[in-house]
Structures are given as C-alpha cells and as structure tokens.
Amino acid sequence: MDNILEAQKKIATLAADELETPPLSLKQLTWRRFKRHKMAVAGLVVLALLILYAFGGALFVSEQYANYNDTRLSLGAPSATHLFGTDSIGRDILARTIYGGQISLLIGLFAVTIETVFGILVGALAGYYGGWIDSLLMRFTEAMLNIPEIFLLIVMAKFFGGKIPELTILGRVYSGSLVVIIVIIGLTSWMYLARIVRAEFLSLKENEFVLAARATGTSDKGIIFQHILPNCVAPIVVTATLGVANAILSEAYISFLGLGVQPPTATWGNMLDGANQYIESAPWLWFFPGLLILLTVLSINYVGDGLRDALDPRGRAI
Amino acid sequence: MWAMVYGMPSTRAAGQFEAKLPMSTLLEVNELRTRFHTPEGIVYAVNGVSFQVDEGETLAVVGESGCGKSVSMLSILQLIPIPPGEIAGGTALYGSRDLLKMTEAEMMTIRGKEIAMIFQDPMTSLNPVLTIGHQITESLRVHTSLDRKAAEQKAAELLDTVGIPDAAHRLGDYPHQFSGGMRQRVMIAMALACGPSLLIADEPTTALDVTIQAQIVELVTKIRNEERMAVIWITHDLGVVAGIADRVNVMYAGFIVETAKVFSLYENPLHPYTNALIGALPRVDRRRDKRLKSISGAPPSLLVEPHGCPFAPRCDHVIERCRIETPQLLPVGEAHSVACWVNIHSKGPR
C-alpha cells in the first residue's frame, strides 16, 4: 500500500519532460530495428573484419612484397612462410589478398558512387518532370537493361582497357585499368536504382509538402534535392549497399576473364585469373580470394537486407 | 455578432467596419477560367471567376468541396499541374502585372514573398524529413540575402510570433514532434517569413478540432491587423467566415454566385444557394427540436460544359430562363452582387 502511494507521489512530481521518453531519432530507430536482424549484425561484423584485414594488413606487409615474384617459389602450398601459399609466379597469396582486398573494396565503393549519382539523376528527373523527359530517360534505361550486363562490361572493358596510363595516388601506383573498371561498372549498374528513384519521386511529388514548397517560391532544383530526395534515402541506401556487393562480383567476373584490373595491381578478381588451370593441383590459388569474395558479398547482402527491414517505415513495430 | 450566432468567437476589434478609408486594390482577378483535361473529358473547374482583394482586407471564399475554390487560388499562383490543367483565360492583376502571364522564374519571386499560401492539412504539408527550422528559413534563403544565422534568428522570432513556446530550441525539431495545431502555426510562420502582402489560406482549420480552429483564426486575424496583410480565406465553414471575413465570395460549380460584405450576406442572402447554405447551418438561437434544412440533389458534374445557371437543378426558385442563360454577377446593392435571374424575396424576375 505504502509502495503504491509512494509510486504515485513520484509520478506526480515528475517534470513535464520526464513523463515522456524523448522521441527517438530516425537513426536510433533504424539501429534498434537493425540490431534485431541477427544475420545483418553478423554481416556487419564480418564486413568490419574484412575491411580491417585489407587495410590493417597493409601495415604488416608491404606492397613490394605482394608484387614480388620469385619463380622458384611458384605454386607453393600453404606453409609457415607463405600462409596462403604462392601463385604461379611465386607471389605470396596472403599479401596479395590484402592488397587485392583494398582494390576490390574500393572498386565496390567508387563504382557504387557513380551508380548512385547516375541513378538518382536519371530517376529524379524522370520521376519529377514526367512527360517526354520521363519517356526519353526511361526508354534509355530500359535499353541499357536489355543489354546483358556482362556483355556490356566485356565490350567496354575491351574498348577502354589500356587507354588510361598508370596513376600514382598517395605514393602508390595503380593500373589505369582500375579507373576504367570503376567507371564501366558504375555506368552499367545504375538502371535499377534509377527505376527505384523514379518510382519514389512519382509518388512523393504528389505530397502536399511539395505544393507547399512550390508556394514558398522554391525552385525545382530545391524541391528535387532538398525536399523529395531526403524522403527516399532508405531505398537508395539499401540499393547502394547491395550495389557494392554486385560491383565486387562484376569486377571478379571481368578480372577472371583477364579484361579487368591488370597485374601487377592485385584484386580478388584477377587473382582468380589463371587459377582455373590449377583447380585441383593448387586449390589455394582460388580458395582464398574466392572465400574472401564470398564472405564480402554475403555479408554485404545481409547488411543490405537488415537495412531494408530497418529503414522500411511500414516495418512492423518499433 | 453573426459569428456568435454560428458558434465562433468573433475576433474583430470593435468598430473595425466603420469609416474605413478607401483602400487600393491589391489583386484583381478577371474572368479566370481553369480546365483539366482528363481521360473522362474536360473538367470545367473554374468558369469565369472575377473578384478583387483590397490591401489589408480579409476575403472569404466559401463553397462546397469541388466548387473551384482551391483551384482558382492555385491558378492565380500558377500552381496547378499543367498538363492536365490549363488556364484557359482571364487575368490576375497584381499591381500592374498579370500573374497569369508571368514566367515560372517571375512567379518564383512572387510565391512566398508577395503572396504566401497555407494549406489544409498541416500533417502533410510539412516535409517529414526536414527540421522546421530548415523549412521556415527556406523562404528566407530563397527570397532574401540573410545569412544562415540571421535567418535562424528570424525563424525563431516568427515561431514566437505564432505562439510556439521556447521557439529558439524548437528549430531543430521535426514536424512529427508537433501537434496538429502547432504544425499549422509552423505553416503560418513559414508563410509570414518574407512579409507577404497577401496570404491565401486554403481551409487552414478544416483538419483541426474546434478549439484549435478558434486559436488559428484568432492568430491569423491578429497577424493580419499587425502586418496590414490581406487574407483570402478558403473554407466551407460559414461559422469561421462570420468570425474573420470582411467580404465573402460564395462559389458554386466553378462560378461566383454571390459576393457581399459579410454582414450583408448573412442578413440578406440574395442567391438561392447562399440562402440555402445559411438555412442549413445550426444556430445557437434556434429551437433545438427543429431539423436543419438540407439542399436536395448534388452539385452538377463539372465534366459538362456549363449551360445556364449551375444551381438551377437544385433551386427552389428556378424559372425557365435559368436553364438557358447563365446569369452574370451583377451589383444589387452597396458592395453586394449576385448572379441570379430571380429576386428570391419578391419571387419575381430580377
């Protein structure tokens, strides 16, 4: 009895802003829902470890070592000195997966940046303006979608490959083919995002807040980028996340075919190039880069799934 | 007085109507026609609407849903979607310039700066992902050269003006953190940001409950008096009209059927439609066991090109001429015009 009275007293003396829990921000809500998706959290952890592996590993092995070849050591099985073995010309696979990982992850990120910029621009213009602009842009998008992506990638890689000289960034030399690969992966993958963004714009532009913004004298540019775009961040983030995985896979395809990033710059993809000749005799050639690609793509996909659930406003509870 | 009868607190200062100096015209709309080309055919939404608004005046536009109240106002600001919309004719003189002939770039300097607009549903007319500080300062960023700090300061002042407590700390809040009435106050603050000379309020109280309605009506009236701003108040609530308006336009099926000073309209409604509307209102001073009168029938389809008086099919006083010829809005008394062939008091032709 006393307890109840005391509790009542306590409630009565709460200040106004203590009565209500402060509203959670969108970020907090998203994180809370994301955490319930166990596989997504696992994916995030694995992804963090992979990033740590690729970028932190570089502190222990130098790039020279990764590119150093000694044919006497070729096709060496995993051993104490070469944990992951050596490749056909005697390079250390462990060191190459570290530097190749950096390149593969960067290709994923930059290609998705290009994809996102293109997808948003095309989708936003088509969805917002409608009419002939919409028809034109969407027919173009559909035309791009109808060409098999892998074919487009190979043709573009062949066409542009070798036309860009080597780049030196922050004291490291990168093959010019890296830029080519990033750009062509970006330019062949924006179509799905464009369609998603267009659909979002089509529905969002009918909102009264868009009319209110126009009545305030806001320009079309302001309405598109400041009013409508922030409202479709969720599907864009999800698509972009999954896009990173796709870009890494695409890079692996074309590098495997020998049209991607050219050695000595390592990527997980071009490490597989040639490994098919040793599938049985030297499985470590394809096992380690293959495993890393698999883990990366899988964990990114789980993270993307988790984000989709967490960011979906129609998701069940908070 | 009429506001009290229809259950709205009157917000007028005593003597507001007496001995006003003649005011200059702020906006003059002539023969405005707006159509929409839809798959079902042409929708004749606004059919030759003419009216004017004086400086500092409150004009109420009343009529039922779909009678062209909002569309005529959106047309004036060129905010209707084109296509399917089409402004088929008319002028809207603001000063010496015709708003309907302005380019989009010229309109952008009018919207929000000279003529501001607030909308019906404060729940949907604020952007859910932007802070209200961002949304209020937007108009300042577009129309003035204030820097971010000054704009935020001004935004806080505006929020304070519209009665939001602890204004400076609420600029970073999102719309979902405000109640409906508070959001409408935010909308009003946004509209006031650049000191417009005309505020178009499109049913700003419809989505709010009655006590909040009264607060918003009071707030707009207070601001109008302080800022010497003209207001066009679109509503279908005749109680609100009695509370705030100087003059009233009654619209029906895309036509203005009657326009009058507010007292004149309530005391002496001359159009059968206005008469029926006022007859349909609950009144504080009427016996409670009497049933309210309703208007039989439904408004005409706007898909048919108007022919004759639009109200004729539902009118108790209809004569042969009503079905053939569309009546013009003609003056019948001081500042009182009506578009009707019949004098409903003498029951004879006008």
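In this predicted model, V61(B) stands opposite I234(B) in strand β8(B). Strand β8 covers residues 230-235 of chain B, and six of its six residues are buried.

**Around strand β8(B)**
- Strand β3 (residues 58-62) of chain B runs parallel to β8(B), and five bridges join the two.
- Strand β7 (residues 198-202) of chain B also pairs with β8(B) in the parallel sense, over five bridges.
- In this pairing, L198(B) stands opposite A230(B).
- From β7(B) the chain passes through helix α8 (residues 210-227) of chain B to β8(B), in a right-handed β-α-β crossover.
- Both faces of β8(B) are covered: one side has A230(B), I232(B) and I234(B), the other V231(B), W233(B) and T235(B), all buried.

**The open sheet of chain B**
- Strands pair through backbone hydrogen bonds, either parallel or antiparallel.
- Four strands of chain B form an open sheet in the order β2-β1-β4-β5, with antiparallel pairing.
- Its edge strands, β2 (41-54) and β5 (97-98) of chain B, each pair on one side only.
- Eleven bridges link β1 (residues 25-38) of chain B with β2(B), and R33(B) stands opposite N47(B) in β2(B).
- Helix α2 (residues 69-76) of chain B packs on the sheet and touches β1, β2 and β4 (85-94) of chain B; its direction makes about 110 degrees with that of β1(B).

**Contact between the chains**
- 15 residues of chain A are in contact with 22 residues of chain B.
- Helix α11 (residues 208-215) of chain A gives the largest share of chain A's side, six residues.
- Chain A's side divides into six nonpolar, seven polar and two charged residues.

Note on methods: Residues numbered from 1 in each chain as written. Chains lettered and ligands numbered in written order. Predicted model: local features only at pLDDT ≥ 70, side-chain atom pairs only at ≥ 80, totals over all residues. Contact = placed C-beta atoms within 7 Å. Nonpolar A, V, L, I, M, F, W, Y, C, P; charged D, E, K, R; others polar. Pairing = 2+ DSSP bridges. Axes fitted to C-alpha atoms, helices over the stretch in contact; angles between N-to-C directions. Buried ≥ 20, exposed ≤ 12 C-beta atoms within 10 Å, placed from the backbone. Right-handed = clockwise from strand over helix to strand, strands pointing away.
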